[in-house]
Amino acid sequence: MTEQTKRTTIVLFSGDYDKAMAAYIIANGAAAYDHEVTIFHTFWGLNALRKEELVPVKKGFLEKMFGKMMPRGADKMGLSRMNFAGMGPKMIKNVMKKHNALTLPQLIEVAQEQGVKLVACTMTMDLLGLKEKELLDEIDYAGVAAYLADAEEGSVNLFI
């Protein structure tokens, strides 16, 4: 009997800092256990892939409004609970620093170093007016069919 490749897929739908952290902690753990890992970022989960700096791109009015209302980059995402007008993320980041825990941007970097496949949903990018230039380098772009192909082979499939 041959050993089969272990695969983990994660749909990151949430734009919450803590939920995105959980997705990346699981992804990095799975990669460390020799799983092939895919994180499919859709809707608000795409904010984890946004570059922090403003990237000049041509957009229509609604696309510009979405861009202004959404956090630019993983470090700017709010918490799912106890956000307290932005104080919650500062508090949790302070606690994380005290415990030497990796930040979400660091977890994303580690995931890329481990070969975790980061995928941006192209349909959602179109809906929200996000352009490839606005997202992190060295990520993949695909639709739901590509995610389903990965998930079909997955032994672990999560929706966060």
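Trainee: Is phenylalanine 13 buried, partly exposed or exposed?
Mentor: Phenylalanine 13 counts as partly exposed, at 33% relative accessibility. The cut-offs are under 20% relative accessible area for buried, over 50% for exposed and partly exposed in between, with a 1.4 Å probe and protein chains only. Bear in mind that this is a predicted model, where local features need pLDDT of at least 70, side-chain atom pairs count only at pLDDT 80 or more, and totals for chains, interfaces and linings use all residues. Residues are numbered from 1 along each chain as its sequence is written, and side-chain values use heavy atoms, with hydrogens and water left out.

Trainee: How many aromatic pairs are there?
Mentor: The count is 4. Rings of Phe, Tyr and Trp (its six-membered ring) pair if their centres lie within 6.5 Å; planes under 30 degrees apart are stacked, over 60 edge-to-face, the rest tilted.

Trainee: And what kind of pair do phenylalanine 13 and phenylalanine 43 form?
Mentor: A tilted one, 5.8 Å centre to centre with 55° between the planes. Phenylalanine 13 also pairs with phenylalanine 159, and that pair is stacked, at 5.8 Å and 25°.

Trainee: Which residues form the aromatic cluster?
Mentor: Phe13, Phe43, Trp44 and Phe159 form one cluster.

Trainee: Switching topic: what's the handedness of the crossing of H1 and H4?
Mentor: That crossing is left-handed, meaning the near helix is turned anticlockwise from the far one by less than a right angle (clockwise would be right-handed).

How values were computed: Helix = DSSP H or I, 4+ residues; strand = E, 2+ residues; numbered from the N terminus.
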